[in-house]
2 protein chains.
Amino acid sequence: MKPADLLDHAENDPALAQADFEAQETSLRTDLLLQQFALLEKADRAVLFVIAGVDGAGKGSAIHLLNEWLDPRHVRTLAFGKPTPEEAARPAAWRYWRGLPARGRIGVVFGSWYTPILREAARRKPDAERLEAALGAARQFEAQLRADGVHVVKLWFHLSRDAQRARCERLAADPETAWRVSDEDRQVASRFGRLRKAAEHVIAHTHEPAAPWRVIPSADDNLRAVVTATTVLQALRHPLPAPARAPKPEAQGAPRHRLVVAGREPGMGKRDYHEALAEAQARLGRAVRLPEAAKRSLVIVFEGVDAAGKGGAVRRVVRSLDVRRYDIIPIAAPNEEERAYPYLWRFWRHAPTPGRAVIFDRSWYGRVLVERVERFAAPADWQRAYEEINAFEAQWKDHGAIVVKFWLEISREEQLTRFRAREQTPFKHFKITPEDWRNRGKHKAYRAAALDMLALTDTPHAPWHVVATDDKRAARVQVLTTLADAVEAALGESG
Amino acid sequence: MKPADLLDHAENDPALAQADFEAQETSLRTDLLLQQFALLEKADRAVLFVIAGVDGAGKGSAIHLLNEWLDPRHVRTLAFGKPTPEEAARPAAWRYWRGLPARGRIGVVFGSWYTPILREAARRKPDAERLEAALGAARQFEAQLRADGVHVVKLWFHLSRDAQRARCERLAADPETAWRVSDEDRQVASRFGRLRKAAEHVIAHTHEPAAPWRVIPSADDNLRAVVTATTVLQALRHPLPAPARAPKPEAQGAPRHRLVVAGREPGMGKRDYHEALAEAQARLGRAVRLPEAAKRSLVIVFEGVDAAGKGGAVRRVVRSLDVRRYDIIPIAAPNEEERAYPYLWRFWRHAPTPGRAVIFDRSWYGRVLVERVERFAAPADWQRAYEEINAFEAQWKDHGAIVVKFWLEISREEQLTRFRAREQTPFKHFKITPEDWRNRGKHKAYRAAALDMLALTDTPHAPWHVVATDDKRAARVQVLTTLADAVEAALGESG
């Protein structure tokens with residue numbers, strides 16, 4: 001059935017007799033618990049229910065029902081309203097990422113990413129372009145979640161205009177339930193036509209096999225309860241189909257970056273180095289202390305093969321920053337908790353807040369580097385990651401982040417020299433492990449992965465900078481200068 | 001040396017010649033890196049440096065130095081100022097707990113729990129009682145951290161009044177460093193005598209072998225750097241001694257709670273049950289929706305042996321709450337990440353915020369129940385936990401939490417009946433595992449642990465309520481009624 005027909009059907013306000021309800025209740029509840037615990041035990045996916053619909057249709061009652069019929073200890077109910085101060089300080093999607101259920105668990109979202117979309121769609125004259133973009137972003141987000149083990153099922157609670165009004169009046173008349181009727185609920189009737197049209201549009205454009213909408217007729221308490229429970233049960237029983245696999249991404253145009261290392265000679269002299277470094281550090285230091293910088297954040301990503309000089313670069317960068325205003329996040333293999341969530345989840349935990357810098361020593365690019373090369377991620381998974389990462393960085397940028405990414409490139413010869421030196425220097429030998437030698441052996445595969453990454457994730461909002469690091473000094477100066485340029489340019493635009 | 005002598009020594013403003021500094025720099029840096037990586041590899045403890053001292057003494061420079069001489073990727077610098085909105089919404093200590101370094105890592109705290117203490121101590125007429133309480137709380141907190149694997153070393157940066165003034169003037173004169181001089185720095189000279197006296201008092205009362213203060217003479221950049229580095233090095237090399245072991249706690253007076261279960265008969269009738277439950281739920285529902293409740297939080301703890309009815313009670317409780325305003329936290333064995341922190345850390349993550357309820361299905365009491373009985377915690381560790389837990393709950397209460405704790409008590413016979421029923425009911429058999437039977441066999445040990453817990457953690461600010469659950473219906477009504485009473489009483493006091 002088409003969305004319009006489903007909504008029409010709900011507006012007929014079908015009902016279920018009490019006897020019929022009672023006949024189904026016990027078996028529905030038993031089945032729900034059984035399926036919930038099967039999910040918990042298997043823990044191969046999470047299930048997230050998005051609760052939406054006309055105000056006053058009984059969404060709250062449905063959530064209560066789920067918490068009563070399921071074991072509420074393994075259900076996470078997330079109700080989002082106006083952003084709290086901690087939510088407002090981070091990119092808009094942060095709160096949804098933070099609230100995702102872990103594999104094995106159930107999440108119920110109330111006040112989801114559909115709230116602003118529906119608000120736009122229900123305006124007298126919706127901004128078509130903006131709406132289209134928001135709908136696309138929702139589709140992309142849900143497809144990404146499904147591909148990464150979070151199955152999203154969306155419930156639209158619907159009823160006729162008259163039934164909505166009658167239900168609100170009934171609740172408002174009883175002092176025990178009057179608090180449940182909000183101003184929004186009361187205003188629905190006068191805007192019913194527009195709300196219905198908005199719902200139809202939004203559902204039609206975001207109903208995907210991998211993240212479907214289910215319309216729940218809501219006028220009758222019994223029917224609403226049974227259809228809600230049945231819908232949830234079906235979602236627990238049957239995993240959703242995987243989203244259509246995107247075509248293998250291919251770079252557009254000529255690559256902007258090449259991995260050629262000029263070699264060490266002649267190299268930067270010590271005096272020139274100290275002078276140039278101090279100047280770049282001072283420039284960066286001044287830029288991050290400008291008043292405009294207080295509203296922005298700085299996200300610095302360092303990637304590169306072992307011994308390319310990431311640690312040394314980080315140390316020179318932080319020298320310019322206020323030690324109270326940065327975090328360094330070293331990224332290694334995900335831990336037990338992190339593995340229970342989509343791969344970007346753990347990076348969202350470190351979403352930047354205004355006035356602060358976050359420096360990633362390795363990053364989400366592990367997905368398309370080590371996870372690709374070592375086959376920790378299936379080809380379909382790392383191939384979709386390029387687009388997901390671009391969208392992810394755009395969301396941070398849209399919230400004011402200045403995103404600067406460095407690929408530190410080193411020649412094979414220089415890497416060998418540094419590996420050997422590390423083995424022989426007492427306070428450096430901890431830096432060299434058998435794994436480093438193993439990775440060195442897979443040089444070609446890592447190189448191919450790096451080239452794809454540079455070609456496919458070099459965006460205007462989060463550009464890559466390739467820095468040749470055989471000459472450590474020149475490399476550090478280049479990193480600092482690049483950062484100072486980027487921050488100055490970004491603040492210049494916003495100022 | 002006594003604190004007064006150490007501060008006197010620092011006010012002599014000793015210095016270190018450049019040549020002497022250079023002679024030590026390389027070996028200090030090498031040793032720091034070596035020790036840092038030994039710590040990271042062993043990961044048997046965390047080390048937390050508290051940075052304090054006179055404003056304008058170079059604390060910021062010292063932190064920069066640590067971040068430059070150590071590998072900053074494994075140092076977490078925490079700078080706390082005026083509480084942010086997300087900090088203000090939680091008990092005061094939340095931000096310190098949240099920022100603790102994991103085992104193997106180093107933390108540097110700037111703007112620590114000493115900031116308010118020093119502010120009080122430096123007033124013209126400090127409130128002696130308040131000051132004494134705050135000093136005691138700091139000692140208790142640090143001893144607890146040490147016992148739980150976080151070694152706290154406190155650095156006091158000090159110099160003479162003249163040197164302080166001279167240093168500020170020097171920094172203010174250079175446009176590159178002028179931003180580092182704050183209004184507080186400029187005001188130090190006029191209040192120097194009082195600040196010095198406050199420091200002496202605070203250091204004298206919080207200098208413990210298990211959490212020592214080190215005074216760093218700070219007038220000379222070279223000497224400050226070397227003494228800071230040496231102090232840090234020593235802390236990385238030598239674990240601190242364990243705090244003095246508190247005497248084994250003993251209950252005062254006659255126990256308020258007894259674990260006697262009246263048995264099932266005659267039992268509450270179905271009709272009486274529904275009526276009484278509905279009434280209690282309505283009462284609780286009204287109480288949590290009172291305007292005064294928006295500033296408070298509700299913390300509900302359920303403990304009890306397997307099959308005592310925790311899940312059923314939780315379900316009846318949440319029925320009264322707004323589904324958007326509660327979280328249910330089921331507690332199981334700590335995961336990999338949680339094990340790297342003191343045992344209370346994972347509960348601090350769920351610190352309640354105003355207007356919300358947090359329901360713990362099992363809790364921090366696992367420390368003195370399962371961890372004691374199964375010997376996961378050493379006797380000294382679970383014995384000190386009673387006092388730590390009382391302090392912890394008091395901190396939550398002080399921030400407006402209404403803490404209500406339930407021990408659900410069931411007879412041996414009824415437990416056996418329920419275990420057998422679970423094995424035979426399709427949607428309940430997942431609830432019964434071999435471990436449940438094993439725990440049942442350790443009945444006496446669990447009972448002794450529960451009695452100690454009830455005697456030692458039944459406080460006015462977080463009382464225990466023992467509920468006999470052989471009669472499930474009566475038990476649920478009692479839980480709801482107790483909660484309604486507790487919330488009404490708490491709001492009545494505050495209103």
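Chain A is built from 20 helices and 10 strands. Keep in mind that this is a predicted model, with chain A averaging a pLDDT of 92. The rest of the briefing goes topic by topic.

**Overall build and confidence**
- Taken along the principal axes, the C-alpha atoms of chain A fill a box of roughly 90 × 50 × 40 Å.
- Of the 495 residues in chain A, 40% are buried.
- Looking at contacts in chain A with a separation of 6 or more, 84% of them link residues 24 or more positions apart.
- In chain A, 97% of the residues score a pLDDT of at least 70.
- As for the model as a whole, it scores ipTM 0.80 and pTM 0.87.

**Two domains in chain A**
- Chain A splits into domain 1, covering 3–237, and domain 2, covering 270–494.
- Going by C-alpha atoms, 40 Å separate the centres of domain 1 and domain 2 of chain A.
- Where the two meet, 18 residues of domain 1 of chain A are in contact with 16 residues of domain 2 of chain A.
- On the domain 1 side of that meeting place in chain A, the elements giving two or more residues are α5 (94–98) and α7 (128–147).
- The largest share of that side comes from α7(A), with four residues.
- By type, the domain 1 side in chain A divides into 11 nonpolar residues, three polar and four charged.

- Nonpolar side chains tend to be buried together in soluble globular proteins.
- Here, the largest nonpolar core has 126 residues, and Ile51(B), Val108(B) and Ile300(B) are the ones with the most contacts inside it.
- Helix α20 of chain B (residues 472–494) gives this core its largest share, eight residues.
- Domain 1 (3–237) and domain 2 (270–494) of chain B both contribute residues, so this core lies between them.
- Take Ile51(B) as an example: setting aside its neighbours within four places in sequence, Ile51(B) touches Lys59(B), Ala62(B), Ile63(B), Val108(B), Val109(B), Phe110(B) and Leu155(B).
- Another core lies apart from this one; it has 124 residues, including Ala134(A), Ala225(A), Leu321(A) and Ala385(A).

**Where chain B meets chain A**
- 38 residues of chain B are in contact with 38 residues of chain A.
- Which element gives the most to the side of chain B that touches chain A? That would be α3(B), with five residues.
- Sorted by type, the chain B side has 18 nonpolar residues, eight polar and 12 charged.

**How the two copies relate**
- The same surface serves both copies, as 100% of the contact residues of chain B recur in chain A.

Key:
Residues numbered from 1 in each chain as written. Chains lettered and ligands numbered in written order. Predicted model: local features only at pLDDT ≥ 70, side-chain atom pairs only at ≥ 80, totals over all residues. Core = buried A, V, L, I, M, F, W, Y, C linked by C-beta atoms within 7 Å. Buried ≥ 20, exposed ≤ 12 C-beta atoms within 10 Å, placed from the backbone. Domains from an automatic or database assignment. Contact = placed C-beta atoms within 7 Å. Nonpolar A, V, L, I, M, F, W, Y, C, P; charged D, E, K, R; others polar. pLDDT = per-residue confidence, 0-100.
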